[in-house]
Amino acid sequence: TGGGAIVTGLRRFVDAPSPPPTVERCEMCGTELASEHGHVADVEHRSIMCACRPCYLLFTRDDEGKYRAVPDRYVAVPLAENEWQSLGIPVNIVFFLRGTEGLNAFYPSPAGATECLLDLDAWASVVSAHPVLATARPEVEAVLVRDGECYLVPIDSCYMLVGLVRLYWKGFDGGTEAQEHIAAFFDDLRTKAGA
């Protein structure tokens, strides 16, 4: 009789319906979201929230306040090798973000976004040669550079890259899986920027 109970229990487990898929909701009003949706940055906590179109539009007017809509702008910038080297960044991927305390540089690491020192005079020279870099909106757009390949991107792209590194990085060099995900990320970035 014990064997029959086990079989019955297994049958119930196997026949049990799958749980319904998780529905993503606007983090501001709770409305169900489409797979493609906007993001709003909470600049006080440096976090990103998923937002429906009406909530997203509430925060598109200016660069003030706690919440700001994250633009969907991707621009490839032709950075010369000597310009990249002049910055003296000791890693091959870095993003630059302008906030209330000025310009900061971060690199994706297994521990998250790690701040690194930046030669502001060298950065000013790069921006002078490429004025589009100065148009990055504070807190919501960043300049992302990988071995001299340079893009102006929405900040949520940088957070996505940081997440990929945290999730897949193994050992000293990241391992094959991490490198494949990073390469795919930059392939997608080139497409979005029309590069």
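Me: A polar contact is a pair of N or O atoms within 3.5 Å. What makes the pairing of the Asp 42 and His 45 side chains a polar contact?

Reply: This is a predicted model, by the way. The side chains of Asp 42 and His 45 come to 3.0 Å, and the cut-off is 3.5 Å, so the pair counts.

Me: Why is Asp 42 called buried?

Reply: Its relative accessible area is 6%. Buried means under 20%, so Asp 42 qualifies.

Me: Where does Asp 42 sit, and which backbone nitrogen lies 3.2 Å from a polar atom of its side chain?

Reply: Asp 42 belongs to strand β1, residues 38-42. The backbone nitrogen is that of Glu 44. Setting aside neighbours within four places in sequence, Asp 42 also touches Ser 47, Lys 66 and Tyr 67.

Me: On to helix α4. How do you know that its buried residues line one face?

Reply: The buried ones in α4 (residues 120-129) are Ala 122, Trp 123, Val 126 and Val 127. Looking down the helix axis, they fall within an arc of 140 degrees, so they line one face. On the other side of α4 you'll find Asp 121 and Ser 128, both exposed.

Me: What covers the buried residues of α4?

Reply: The cover includes α3 (81-86) plus the strands β5 (93-99), β6 (102-109) and β8 (141-146).

Me: And what makes Asp 119 the cap at the N-terminal end of α4?

Reply: One of its side-chain oxygens lies 3.0 Å from the backbone nitrogen of Asp 121. Polar contacts are within 3.5 Å, so that distance passes.

Note on methods. Residues numbered from 1 in each chain as written. Predicted model: local features only at pLDDT ≥ 70, side-chain atom pairs only at ≥ 80, totals over all residues. Heavy atoms only, no water. Buried < 20%, exposed > 50% of the residue type's maximum accessible area, 1.4 Å probe, protein only. Helix = DSSP H or I, 4+ residues; strand = E, 2+ residues; numbered from the N terminus. Arc of directions from axis to C-beta. Contact = heavy atoms within 4.5 Å. Polar contact = N/O pair within 3.5 Å; in protein donor to acceptor, adjacent residues only side chain to side chain.
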